[in-house]
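Welcome! Take a moment to look over the sequence and turn the model around, and then we can walk through it together.

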2 protein chains.
Amino acid sequence: MTPTITAFESSPDGGQGLARDMRVRWAFEEVGQPYDVRLVSFKEMKEPAHRALHPFGQIPTYEEGDLVLFESGAIIFHIAQHHGGLLPDDANARARAITWMFAALNTVEPPIVELEQVPYAEHDKPWYDERLPMIEDRVRVRLTELSSRLGDADWLDGAFSAGDLMMVMVLRRAEGTGLLEEHPNLLAYIARGEARPAYRRAFDAQRAVFTGKSPMRR
Amino acid sequence: MTPTITAFESSPDGGQGLARDMRVRWAFEEVGQPYDVRLVSFKEMKEPAHRALHPFGQIPTYEEGDLVLFESGAIIFHIAQHHGGLLPDDANARARAITWMFAALNTVEPPIVELEQVPYAEHDKPWYDERLPMIEDRVRVRLTELSSRLGDADWLDGAFSAGDLMMVMVLRRAEGTGLLEEHPNLLAYIARGEARPAYRRAFDAQRAVFTGKSPMRR
């Protein structure tokens, strides 16, 4: 059965691939699992029908028969559990790859999301110019720590895994802040992720929604 | 082999059980797995020896033979994978329970942590009185959505799971803000978690570190 995910009908980022459906599309492409996409408007996301799938009124969701999931981390983990290619077979290496998924989502992403929100939520506040550098510093701490751990390795722990997929996508949300440029190894890490054929296919598919060059069904 | 976790040598919360080792202790207690605890100082957490275990210089870590993990979500998932009692056997129910783990960590916890940090980081700023309610509103949105989904159920999806364990611990971090009191069903949900014998044992063990009534090794 082909699973169906949801994605934004109109993209906040104009198809730059920063919305969380991109992560799930990339995971599908890595494992070679076809998928359908149902687009939802911002209004629909907050309505009862969508909230029945996603209690927090967001995208992506995942539907496959009777199973409904939400949260990009959980969806990607589910895909990785049922297909080879995203998590190592070795039990310890697998546990470490899962650790990086959680690290991306719970330790690295929150300050980056905060930094992303500040220009929208506080740009007209008198404190904006003073608070922005405070948040940049919080992101900087995490990027420095991550850069230090990555060193000159290609991926965070051996072969490419769902942990790298998630971390690359989380780091991409810091694009445009100038902070990634302080760590050439992180820029190269992101570039390695973006160079993967599965990434390219996923990126083109999500962008096509906004350029009108693709049907909804892949 | 008995796994070893790390916890704060001196508690920022004086043993209220809000540090992230409490989640892991609770998981161990639910499945009946003995564990050792190594206490680390704030200084030690940022030194190379600890960063070799945890690249972001935090607690908890998990060591079991050659395996080293960090991130409370990943550690609890690892425990749940190797012992019964924290995740359902049914594949779909299991995937949904994992979804709630990610939802707790990536959707509910970040605004609560932000709300927790503001009094420390910004209490002396002129904007404090205006910004605090903005963050409270972000937490309020998530609590309202969660309360609506929980309804009058005991747990988020059928039987108690690692998803509930994580959500209860994340919600507890909002204690003292007055926001939980807006949702009696969330207060009752937290109370159900705290009433579990495994929770009590874990809570007493972490508190004993700070009252000096317990050896480090359990």
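## A guided tour of the model

Glu71(A) sits in the loop that joins β4 and α4 of chain A. This is a predicted model, and in it the phi angle of Glu71(A) is near 75°, a positive value in a residue that is not glycine. Most residues other than glycine have a negative phi, and most peptide bonds are trans.

Which bond in chain A is cis? The one from Ile59(A) to Pro60(A), where omega is near 0°. Pro60(A) belongs to the loop between α3 (48–51) and β3 (61–64) of chain A. In chain B, the bond from Ile59(B) to Pro60(B) is cis, again with omega near 0°, and Pro60(B) lies in the loop between α3 (48–51) and β3 (61–64) of chain B.

Now step back to the whole chain. Chain A is built from nine helices and four strands.

α5(A) contains 32 residues and reaches 45 Å from its first C-alpha to its last, close to the 46 Å expected at 1.5 Å a residue. Where in α5(A) does the kink lie? At Glu109(A), shortly before the proline Pro110(A), with a bend of about 55°.

Next, the domains. According to the domain assignment, chain A has domain 1 (4–86 + 198–211) and domain 2 (91–196). Taken over C-alpha atoms, the centres of these two domains of chain A are 21 Å apart. In chain A, 12 residues of domain 1 are in contact with 12 residues of domain 2. On the domain 1 side of this contact, α1 (21–31), α4 (72–82) and α9 (197–211) of chain A each supply at least two residues.

Chain A also meets a partner: 33 of its residues are in contact with 33 residues of chain B. The elements of chain A that each supply at least two residues to the side touching chain B are β4 (67–70), α4, α5 (91–122) and α6 (128–150). The largest share, 14 residues, comes from α5(A).

| Side | Nonpolar | Polar | Charged |
|---|---|---|---|
| Domain 1 of chain A, touching domain 2 of chain A | 10 residues | one residue | one residue |

Finally, how are the two chains arranged? Two copies of a chain are related by a rotation about an axis and a shift along it. Here, a rotation of 180° with 0.0 Å of shift along its axis superposes chain A on chain B, with an RMSD of 0.0 Å. The two copies are therefore related as by a two-fold rotation axis. The same surface serves both copies, and 100% of the contact residues of chain A recur in chain B.

Note on methods
Residues numbered from 1 in each chain as written. Chains lettered and ligands numbered in written order. Predicted model: local features only at pLDDT ≥ 70, side-chain atom pairs only at ≥ 80, totals over all residues. Domains from an automatic or database assignment. Contact = placed C-beta atoms within 7 Å. Nonpolar A, V, L, I, M, F, W, Y, C, P; charged D, E, K, R; others polar. Least-squares fit on C-alpha atoms with pLDDT ≥ 70 in both. Expected span 1.5 Å × (residues − 1). Bend = angle between axes of the 7 residues up to and from the residue.
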